[in-house]
Amino acid sequence: MTAEFIALDWGTTSFRAYRVGAGGHVQDSIAAAEGILAVKDGKFEDALERLIGAWDVSLPVMAAGMITSRQGWIELPYLPCPARAADLAQALHRHTTASGRRIAFATGLSYRAPDGMPDVMRSEEAQVFGSLDLGVSHFVTPGTHSKWIATEGDRLVRYATYVTGEVFAALKDHTILGRLMKPGPDDEEAFAMGVRAALEDPAGFLHRIFSARSLGLFGELAPEAISSYLSGQVIGTEVAHAIRGNPREAQYAVLASHGIGGRYVKAIEIAGLKVRHGDPQAIVKGLAIIARKAGII
């Protein structure tokens with residue numbers, strides 16, 4: 001039985017808080033566009049109380065995300081992979097606010113890829129530890145910076161970061177590729193067309209994406225479909241690279257809402273792989289696991 005606590009996922013651009021009841025069920029939640037970059041003069045404690053001040057101050061708080069980064073409330077060093085939830089529990093940083101709230105800050109993980117390049121994450125590891133009961137060993141956390149994460153047993157062993165969301169936004173809003181775009185609903189056919197093109201020629205990304213303009217110029221792609229097509233190109237390129245070296249029988253779980261998560265599920269299916277939706281609130285379960293191992297709940 002999980003005791004009551006508050007889970008915080010405090011990222012760069014967004015803030016999410018969950019009031020978790022006995023048994024691990026989310027009883028209330030708060031979402032705000034008040035990530036760490038929106039907090040002025042480092043007044044994180046004031047921001048926290050303004051957002052969750054109505055919740056019982058005696059409840060322990062588990063915090064993860066960019067709140068423990070260099071630009072956050074307190075910078076914590078990354079733990080190297082491979083790592084278990086128990087390792088994060090041992091590395092928690094405890095803090096009591098002026099209002100008496102007890103906060104345990106969970107750090108993130110680092111990984112040194114075979115090519116020698118370092119990689120880092122904060123909060124995605126908690127999502128994965130909360131999803132190990134899905135019975136898969138490959139996880140995808142879509143977003144501004146997507147992560148493809150591999151586990152062995154209860155250990156997170158390796159991962160790779162893709163700046164897919166950020167690249168798509170830049171291409172759409174700051175290059176000529178977005179000039180012919182018009183707002184419209186997601187176009188599944190155009191998205192799938194972009195994904196297939198990317199899977200067939202991932203190395204040709206810089207050449208292929210120009211077709212988001214040329215297809216529009218020749219009337220072969222509706223203005224309302226161009227955004228979906230370009231999204232398929234970008235996500236498809238990510239998928240093509242991320243699945244290299246993984247066995248074809250590998251199964252993937254996408255940990256995200258059905259909006260962006262659905263696009264990744266579709267792209268991975270087009271690649272011919274087995275994939276399923278995971279819990280978009282898996283971080284709550286992950287933080288509960290870390291909190292129990294630390295004796296907080």
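Two strands count as paired if DSSP finds at least two bridges between them. Helices (H or I, at least four residues) and strands (E, at least two) are DSSP runs, numbered from the N terminus.

This is a predicted model, in which local features need pLDDT of at least 70 and side-chain atom pairs count only at pLDDT 80 or more, while totals for chains, interfaces and linings use all residues. Residues are numbered from 1 along each chain as its sequence is written, and side-chain values use heavy atoms, with hydrogens and water left out.

| Strands | Sense | Bridges | A facing pair |
|---|---|---|---|
| strand 5 and strand 8 (residues 109-112) | parallel | two | P80 and S110 |
| strand 10 (residues 138-141) and strand 13 (residues 251-254) | parallel | three | F139 and A253 |
| strand 13 and strand 14 (residues 274-277) | parallel | four | V254 and H277 |

From strand 13 the chain passes through helix 9 to strand 14, a right-handed β-α-β crossover (with the strands pointing away from the viewer, the path from the first strand over the helix to the second runs clockwise).

Helix 9 (residues 258-270) also meets helix 5 (residues 188-200): their axes, lines fitted to C-alpha atoms over the stretch in contact, come within 10 Å and cross at roughly 50 degrees. F191, A192, V195, R196 and L199 in helix 5 touch R263, K266, A267 and I270 in helix 9, where contact means heavy atoms within 4.5 Å.

Elsewhere, an open sheet of three strands has the order 5-8-9, with mixed pairing. Strand 5 (79-80) and strand 9 (118-121) each have a single partner strand, so one side of each lacks a neighbour in the sheet.

Definitions and conventions. Axes are lines fitted to C-alpha atoms, for helices over the stretch in contact, and angles run from 0 to 180 degrees between N-to-C directions.
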